Protein chains: 2
Amino acid sequence: MSKVVVQSIGLSLDGFAAGTDQSLENPLGVLGPELMEWFFPTKTFIEQHGGEGGETGIDDGFAAESMSGKGAWILGRNMFGPVRGPWPDDEWKGWWGGEPPYHVPTFVLTHHAREPIEMKGGTTFHFVTDGIHSALQQARAAAGYKDIRIGGGAATIRQFLEAGLIDEMHLALRPVILGRGEPLFAGLDLRELGYQVGKMVPGERAVHMFITRIS
Amino acid sequence: MSKVVVQSIGLSLDGFAAGTDQSLENPLGVLGPELMEWFFPTKTFIEQHGGEGGETGIDDGFAAESMSGKGAWILGRNMFGPVRGPWPDDEWKGWWGGEPPYHVPTFVLTHHAREPIEMKGGTTFHFVTDGIHSALQQARAAAGYKDIRIGGGAATIRQFLEAGLIDEMHLALRPVILGRGEPLFAGLDLRELGYQVGKMVPGERAVHMFITRIS
């Protein structure tokens with residue numbers, strides 16, 4: 001059966017899933033790239049960006065798994081771009097250039113309506129203005145029996161967690177201290193929400209934590 | 001030179017270093033023992049409690065290191081006991097029975113004066129009523145060239161971190177979600193305070209994170 005999953009989210013030891021002050025220059029926020037330095041050297045990431053080579057191993061294995069087999073993605077507005085408020089025009093089409101790495105219908109949460117954008121390689125961005133439940137319903141319809149990945153960012157994942165909508169979550173815990181940023185868990189009682197850590201797998205540059213829902 | 005260290009602090013994936021509602025029945029707070037389930041099976045812990053056997057390995061190696069070579073310890077009031085407010089009498093002498101595992105002068109932070117207590121095996125509890133700097137000064141005088149360990153709990157470690165007094169910190173990150181408890185880092189900008197993760201070592205039941213101060 002189709003599951004709703006979170007995968008490959010880099011987390012700092014002090015609990016942040018992104019840096020502060022996201023902008024065009026800092027898509028992951030200030031210092032945010034330190035959270036993904038387990039992902040950048042992988043074969044999966046490098047090939048996704050048209051390069052060759054890259055490392056294989058444990059980190060790469062989980063990276064590859066997280067990028068494949070999805071029937072739909074859901075992204076928060078900030079994960080789609082740095083533009084805030086009403087769309088000034090149709091120019092911004094995501095951080096990823098002409099061919100985003102999703103290759104399936106991708107639902108972007110926003111308060112501001114916009115026509116769908118068909119990109120190269122199978123990704124179509126659909127803009128959802130009526131909340132996470134609606135986004136999930138549309139994603140389910142698009143995904144069929146395949147899994148739906150909530151891509152992020154932190155605020156979006158928190159919304160889905162609070163609503164009890166996430167079945168599995170894979171975090172890549174990094175040996176870094178960010179000091180400030182977007183907290184992933186602060187103020188959420190994940191245990192009461194039914195989540196537990198199923199397994200922990202040390203990788204090359206991160207420890208992979210797999211969280212499941214009990215009930 | 002003598003260093004001020006924190007060691008063997010169990011930390012949940014969601015950032016808690018102890019459970020809630022500490023009491024006589026729950027010295028580590030509700031669910032708190034889950035944070036130390038890497039420590040309990042070790043040879044170090046079992047022998048410390050008069051038993052035999054126990055596991056050796058990575059977790060045990062760090063456990064042993066954390067219990068040896070100290071010149072003095074500093075403990076928060078709650079790590080010493082569940083009694084709050086003025087001492088009703090001299091009955092409470094710590095969680096550890098007649099022979100505590102410290103074996104050196106041990107300074108207990110409290111707002112309520114009390115005479116020192118000499119225990120079996122070299123531990124003497126000294127009660128310090130004038131704050132962390134005074135406790136550290138007394139601990140330094142007692143420790144000589146040996147290291148001083150800040151034993152905990154979370155609130156005490158946070159005070160020392162904020163004051164920039166901790167040189168090294170070893171955390172045992174556990175694959176558990178506590179949901180609620182005593183946060184170790186919330187609201188502290190450890191990066192601005194000069195701390196970074198020096199190394200990460202996966203153990204049997206925890207990932208060991210070693211934090212150092214840059215400046």
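**Entry 1: where the chains meet**

I began with the two chains together: 22 residues of chain B are in contact with 22 residues of chain A. Two residues are in contact if their C-beta atoms, placed from the backbone, lie within 7 Å. On the side of chain B that touches chain A, the elements giving two or more residues are strand S10 (195–202) and S11 of chain B. S10(B) gives the largest share, five residues. I sorted the residues on this side of chain B into 14 nonpolar, three polar and five charged. Here Ala, Val, Leu, Ile, Met, Phe, Trp, Tyr, Cys and Pro count as nonpolar, Asp, Glu, Lys and Arg as charged, and the others, Gly among them, as polar.

A note to myself: this is a predicted model, where local features need pLDDT of at least 70, side-chain atom pairs count only at pLDDT 80 or more, and totals for chains, interfaces and linings use all residues. Residues are numbered from 1 along each chain as its sequence is written, while chains are lettered from A and ligands numbered from 1 in the order in which they are written.

**Entry 2: how the copies are related**

**Entry 3: chain A as a whole**

I found five helices and eleven strands in chain A. Helices (H or I, at least four residues) and strands (E, at least two) are DSSP runs, numbered from the N terminus. The C-alpha trace of chain A spans about 45 × 40 × 35 Å along its principal axes. Buried residues make up 43% of its 215 residues. A residue is buried if 20 or more other C-beta atoms lie within 10 Å of its own, exposed if 12 or fewer, and partly exposed in between, with C-beta atoms placed from the backbone.

**Entry 4: one helix of chain B**

Which residues of helix H2 (residues 58–67) of chain B are buried? I listed B:Asp59, B:Asp60, B:Phe62, B:Ala63, B:Ser66 and B:Met67. They cover an arc of only 165° around the axis, which puts them on the same side of H2(B); the arc is that of the directions from the helix axis to the C-beta atoms. Their cover includes strand S1 (4–11), helix H1 (43–48), strand S8 (168–173) and strand S11 (207–213) of chain B. Just after H2(B), B:Gly69 takes a positive phi of about 75°.

Most residues other than glycine have a negative phi, and most peptide bonds are trans. I therefore looked for exceptions to this. A cis peptide bond joins A:Gly152 and A:Gly153, with omega about 0°, and A:Gly153 lies in the loop between strand S7 (147–152) and helix H5 (154–162) of chain A. In chain B, a cis peptide bond joins B:Gly152 and B:Gly153, with omega about -5°.

Is A:Ser8 buried or exposed? With 25 C-beta neighbours inside 10 Å, A:Ser8 counts as buried; this residue of strand S1 (residues 4–12) of chain A has a positive phi near 60°. A:His103 has a positive phi near 65°, and is partly exposed, with 17 other C-beta atoms within 10 Å.
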